[in-house]
Amino acid sequence: MEVLARLVLGLVLFEAAVTAPTLQPINYDLDNYAADTMEALDNLYNYENIPLGHAEVEIATMMPSGIRELLTPAPQPEEGEEEEEEESTPRLIDGSSPQEPEFIGVLGPHTNEDFPTCLLCTCISTTVYCDDHELDAIPPLPKNTAYFYSRFNRIKKINRNDFASLNDLRRIDLTSNLISEIDEDAFRKLPQLHELILRDNRIRQLPELPTTLTFIDISNNRLGRKGIKQEAFKDMYELRHLYLTDNNLDHIPLPLPENLRALHLQNNNILEMHEDTFCNMKNLTYIRKALEDIRLDGNPINLSKTPQAYLCLPRLPVGSLV
Ligand SMILES: *[C@@H]1O[C@H](CO)[C@@H](O)[C@H](O)[C@H]1NC(C)=O
Ligand SMILES: *[C@@H]1O[C@H](CO)[C@@H](O)[C@H](O)[C@H]1NC(C)=O
């Protein structure tokens, strides 16, 4: 039962990975966002927090009908067998059929199944799914990998060659490893990287990041005072979500890109900000309309001291206003 639930979760996760532009786990506190269908996917993305039985019921109702049908005839996998999980993964007989264009990308031909890493991890189309495999390094990845998940492992370091020439890589999720060191050019040359999730690690220094990123989560690491370079996010014109909670940061990383929607900095050591941190005191008609979700709670900062600092924002930051 558990294995089946995990299989179903894996598929839906994968579906989400391919179709959803950005996934926001529930602990990103979406209180400022309109609750929409994404919320269900958010929960899935963070599925380790959901009791499995419960998750299965919910997923069954929200699964795209095509996948549900594909799943129904699949044989029941045996308890605790990782290989079984792979074997029962539904496949299309002819992935290049023009009939169902949606599924070509999702459950397309398994071109990577002979790749060594895919014998250990699960590879479906361009997603490599290596969660919870006691890995202590990034495994070699197929050239066409677009989505790479390796959460809940023991990876300590990211080397410059780990992601070399993976030109299609769009998402890297290394949540809950032991990463303390990242080579400066480990991510730099990834032309398609949109989402980088490194939360719950031991990172002290952020390397250079590609400007294509739309979603960055480095929460619960050890960035401290010096872990983020000057103007690190300045040229990230597509960046929408920046999550840096629980890092002992002592400043707000500036400048913030114009399209940023969510900035989460709770539980750091930020003591002050300036009237110009978000707005432009030289131009009072300037409005930073995208930035609707700022979290500064859990910092020793008194937001009441800079009343001018929020004039250009659509919403007040969350934090101490006493
Ligand atoms: C002030 O900001 C507004 C809105 O962003 C812009 O259209 C205008 O050109 C700016 N004025 C100056 C003097 O920079
Ligand atoms: C926060 O700042 C305001 C305005 O300067 C001040 O009146 C208030 O006493 C401060 N609160 C604390 C807890 O320091």
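Predicted model: local features only at pLDDT ≥ 70, side-chain atom pairs only at ≥ 80, totals over all residues.
Student: Which residues are around ligand 1, then?

Tutor: The residues around ligand 1 are Asn283, Thr285 and Tyr286.

Student: How much of ligand 1 does the protein bury?

Tutor: Ligand 1 exposes 370 Å² when taken alone, and the protein buries 28% of that.

Student: And what is the distance from an oxygen atom of ligand 1 to the side chain of Asn283?

Tutor: An oxygen atom of ligand 1 is 2.3 Å from an N or O atom in the Asn283 side chain.

Student: Switching to charges: how many salt bridges are there?

Tutor: The count comes to 14 salt bridges. One of them is formed by Asp131 and Arg151, whose closest N and O atoms are 2.9 Å apart.

Student: Where do Asp131 and Arg151 sit in the chain?

Tutor: Asp131 is in the loop between β2 (127–129) and β3, whereas Arg151 is in the loop between β3 and β4. The pair is 20 residues apart and links distant parts of the chain.

Student: Which residues gather in the patch of positive charge?

Tutor: Lys156, Arg202, Arg204 and Arg222 form that patch on the surface. Lys156 belongs to the loop between β3 (147–149) and β4 (157–158).

Student: What about the backbone: which residues does a cis peptide bond join?

Tutor: Leu254 and Pro255 are joined by a cis peptide bond, with omega about -10 degrees. Pro255 lies in the loop between β9 (241–243) and β10 (262–264).

Student: What is the phi of Glu134?

Tutor: Glu134 has a positive phi of about 55 degrees, although it is not a glycine. Glu134 is located in the loop between β2 and β3.

Definitions and conventions: Residues numbered from 1 in each chain as written. Chains lettered and ligands numbered in written order. Heavy atoms only, no water. Near = heavy atom within 4 Å. Polar contact = N/O pair within 3.5 Å; in protein donor to acceptor, adjacent residues only side chain to side chain. Areas by Shrake-Rupley, 256 points an atom, 1.4 Å probe, with all protein chains shown as cover. Patch = residues over 30% accessible without salt bridge, like charges linked within 9 Å, V, L, I, M, F, W, Y side chains within 5 Å. Salt bridge = Lys/Arg side-chain N within 4 Å of Asp/Glu carboxyl O. Lys, Arg positive; Asp, Glu negative; His and termini not counted. Charge placed at Lys NZ, Arg CZ, Asp CG, Glu CD. Helix = DSSP H or I, 4+ residues; strand = E, 2+ residues; numbered from the N terminus.
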